[in-house]
Amino acid sequence: MLPEAPLPGGPAPGEPFFVADLGGGRMLSGHGTRLFYQPHPSVMVPPVELDSLREARLESRFFREALALAAFALLGLLAQPPALKVLGFGMAALGVLLAATCRSHGLVLVPRRGPEVRWALGLARRGSSRDTRLLATWASLAEALRVRGVAVTRETPPPRDSDGGPSA
């Protein structure tokens, strides 16, 4: 039996076809017929076989977790000392500001059978160099997966008009 032939213009079998440092100790890589994710330098999650995938997609959403800071508005309303009122309303405003200016990117792997796998790519301020790097990482990964027969999509929020509202 002959060894598996490399894809045209691609790496030899066993060599990585994709490697990305996502920052914060997170790594994403593809070797052979597997995709690997390392959420922390000391943690490795089970790899995903490319042959088992129906689809891979990028999900980008606003940083909704920051809205939890809005609960501090209660402190601002109920606190007696002015310093606590300022702290409470300031924390609530910070949460809303972070939710409005940052977005979270994640990779969703949809297998032919079984549950979806979600890997966090990272959080970035909209339009920042980090945001640009994460989107470029997705573009490179999407192309590498497409070449290997995996369908890829990018889930994005609806476009907005110049006035900031959803467009029709």
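Q: How many salt bridges does the structure hold?

A: This predicted model holds nine salt bridges. Such a contact is assigned where a side-chain nitrogen of Lys or Arg lies within 4 Å of a carboxyl oxygen of Asp or Glu. One of them joins the side chains of E49 and R34, with an N to O distance of 2.5 Å.

Q: Which parts does the pair of E49 and R34 tie together?

A: E49 belongs to strand β4 (residues 48-49) and R34 to strand β3 (residues 34-38), so this pair links parts that are 15 residues apart in sequence.

Q: Where do E59 and R118 lie?

A: E59 is found in strand β5 (residues 53-62) and R118 in strand β7 (residues 117-125), so their pairing ties together parts 59 residues apart in sequence. The closest N and O atoms of this salt bridge are 2.6 Å apart.

Q: What separates R146 and E143 within helix α3?

A: The two residues are three apart in helix α3 (residues 129-147), which means a separation of about one helical turn. R146 and E143 form a salt bridge whose closest N and O atoms are 3.1 Å apart. R146 is partly exposed, with 46% relative accessibility, and E143 is partly exposed at 41%.

Q: Which residues do salt bridges with shared partners join into one network?

A: The network comprises E55, R57, E59, E116 and R118.

Technical notes
Residues numbered from 1 in each chain as written. Predicted model: local features only at pLDDT ≥ 70, side-chain atom pairs only at ≥ 80, totals over all residues. Heavy atoms only, no water. Helix = DSSP H or I, 4+ residues; strand = E, 2+ residues; numbered from the N terminus. Buried < 20%, exposed > 50% of the residue type's maximum accessible area, 1.4 Å probe, protein only.
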